[in-house]
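Thank you for sending this entry; my comments follow as numbered points, beginning with the ligand surroundings and then turning to the sheets.

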Amino acid sequence: MTDPLPSKKKRDQPKQALAAQAGKAHKEGRQHAAGSSGVFKLLSAFVLLAAVVVAYRHDPTLFTDFLDSWIGFSEHWEGSQPATSTNNPVHLSADIPKRNAVVAAFRHSWLAYEKDAMGDDEYHPISHKGSNLTSAGGIGYTVVDSIDTMLLMGLEAEYARARSWIADKLSFERDGNFNTFETTIRVLGGLLSAYHLSSGDPVYLDKATELADRILPVFETPSGLPHPMINLAKGVGVANADFTGLVSTAEVATLQLEFRYLSHLTGNDDYWRRVENAMRIIKSARLPHGLASIFMSVDEGQYVTSAIRLGSRGDSYYEYLLKQYLQTNGSEPVYSDMYEDAMTAIHNHLVQKSTKSGMTYTAELIPEKDASGEVSWRLTPKQDHLVCFLAGSLMLGATKTGALAQSVSVPPRDKELTPSGRRDWKTGVELLRTCMSTHDTATGLSPEIVHFRIPSDGMDHNSMAPADWYIKGARQVFPFSMSFGYELEHFACFASPGEFPPYDARYMLRYVYVFTYVQYTDTNGPSPETVESLFLSYRLTGDQLYRDHGWNIFQSIEKHCRLSSGGYATIVNVDEVPVRHEDKMETFWMSETLKYLYLLFDDSNTLPLDKYVFNTEAHPLPIFQPSVRTGFS
Ligand SMILES: *[C@@H]1O[C@H](CO)[C@@H](O)[C@H](O)[C@H]1NC(C)=O
Ligand SMILES: *[C@@H]1O[C@H](CO)[C@@H](O)[C@H](O)[C@H]1NC(C)=O
């Protein structure tokens, strides 16, 4: 029997060679058929069809792969239009008008900040004022966070002014308590990426080294996990006032890219060893299910029974597992092991489908105690917008830790991925689709938190019930103070049994109110996570769908968040038009959201994914071959 499908070896050949072969086979077939009777033609058509059916039943991927390599399309990717399916890096060219529109938005933001609040940590675009994180004075939060975006966008005049502010005015001699994680990802990360993108301007490395040296004392704790706060002038770590003895898992596991790159640049291994030690502690604290609780004990270096989620306080732990592996060019297998272990646990426990249309989302696990103090876990169908980072991360991870070869096609073909790579890619694509559909609101912007329908939610009795997801309490207002937000996390976290009240219906009710409040303050238009995933997925697939969606988000931001007097503002409720603005322009708007939008529309030769890894605040850092050897396994 003839095998109508190319052999495995042939399928790996470049597209052109394959097409030539296909053409040759076709011609031979025609010569043969020309001399045959109609019955014979019919018979050979039947044999061919039977062979295809047998082969398909034997291994369906043979068939999709054949289609994939031959006509550049496989139904597996559901509607995507891959740019090509050769095994070479694919060039995606810039969409210049859209890219320029993003640059204009950046200038509209920066110039307003510069006029009203230059040098202040944060900007309030409605009152045209700046403010600092502490009364001890600013640490360049906004300027440093924005400067690499200017370098990328080629905004030379703005860049020159920002650079001289950093050289002349930036000081870390501030007697106040700063968040270790935020200062590292925004300020240290911003300085390091500016150092790289400016081809080594020493101003940035000097400042980065000074800042890192001031932060290092946070690691002087019984376990070696860093304190959540740092007094930069005194150089002392400060414990968490709200959650005594606790640190967020994401916060201790999201300092590594920055300190490791600084170590690589300066040759000082101390930076490396300190942050690596936090990863070693996390690995040895592994829970049987393989997931990370959002809090750890700073004394014992163990997980504390607390919520398990991929959103706030959990998110970037998973992100940095993959990125640490990428940062050192795949030379530290311990991180791909930890990453794959975590992704498997996520698939086993958290990945869910919505009831009506099967939208993929990730749920949270909330610990509950019964009267005897026994802990059980309740699966809650709530997803933070922050989780949308995971979509792109899963897709990127699939092409690296889940790839059978050094590089894969754009988009990757099934045969190029390991089983877990295929699983992660599929979940990433589906999760991104869910994140895109949560933009289906009155403003076209996504809420901070969405809830998914489950059969036990009792909403089916209501004819107005949403099909798949909803914003909890978005149309009610509760005048609760922010302290409830903290209390919420106390409930979700009990350090020792009996310390906090167990959950019951009453607390659940309050829980709902708390979320209502959180949505009112935190719901914000220009959140970067979906945009980050759109950028990654566009680079990994070449699918125009992702650019189109990014453009829609950008248009919604232009429409609802842009202030004609300058700057952009957070909005209070994404599902309410006309919008109400909050007097705040987040620093991640200029560092992350606009950078990823710019890169989405830029040429793929800018910051290629095989040479750069982005920190969690979108500061690109180069991939390097480390001279330090991983200190744990
Ligand atoms: C922020 O801190 C800087 C540096 O100390 C100071 O010059 C500036 O006035 C402060 N801004 C505000 C709004 O207090
Ligand atoms: C990463 O490894 C690959 C394959 O070993 C190599 O070709 C490439 O140059 C390395 N990249 C860096 C930045 O070291």
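1. The residues around ligand 2 are N329, Q406, I623 and Q625, and this being a predicted model, the distances below should be read as computed values. By class, the shell around ligand 2 consists of one nonpolar residue and three polar ones, with no charged residue among them.

2. On its own, ligand 2 exposes 360 Å², of which the protein buries 40%.

3. Ligand 1 has around it D120, G130, S131, N132, G137, G138 and R174. The shell of ligand 1 divides into five polar and two charged residues, and no nonpolar residue belongs to it.

4. For ligand 1, polar contacts can be listed for both side chains and backbone. A side-chain N or O atom of D120 is 2.9 Å from a nitrogen atom of the ligand, a polar side-chain atom of N132 lies 2.4 Å from an oxygen atom of ligand 1, and a polar backbone atom of G138 is 2.9 Å from an oxygen atom of ligand 1.

5. Turning to the sheets, I find an open one of three strands in the order β3-β4-β5, paired antiparallel. Its edge strands are β3 (177-179) and β5 (236-238), each of which pairs on one side only, and neighbouring strands are turned against each other by 35° on average when direction is ignored.

6. Within that sheet, β3 and strand β4 (residues 229-231) run antiparallel and are joined by three bridges; N179 stands opposite M229 in β4. Helix α8 (residues 180-197) packs on the sheet, where the helix touches β3 and β4, and its direction makes about 65° with that of β3.

7. Another open sheet has three strands in the order β6-β7-β8, again with antiparallel pairing. Here the edge strands are β6 (246-248) and β8 (303-304), each pairing on one side only. Strand β7 (residues 295-297) pairs with β8 in the antiparallel sense over two bridges, and M296 stands opposite Y303 in β8.

Key
Residues numbered from 1 in each chain as written. Chains lettered and ligands numbered in written order. Predicted model: local features only at pLDDT ≥ 70, side-chain atom pairs only at ≥ 80, totals over all residues. Heavy atoms only, no water. Near = heavy atom within 4 Å. Areas by Shrake-Rupley, 256 points an atom, 1.4 Å probe, with all protein chains shown as cover. Nonpolar A, V, L, I, M, F, W, Y, C, P; charged D, E, K, R; others polar. Pairing = 2+ DSSP bridges. Helix = DSSP H or I, 4+ residues; strand = E, 2+ residues; numbered from the N terminus. Axes fitted to C-alpha atoms, helices over the stretch in contact; angles between N-to-C directions. Contact = heavy atoms within 4.5 Å. Polar contact = N/O pair within 3.5 Å; in protein donor to acceptor, adjacent residues only side chain to side chain.
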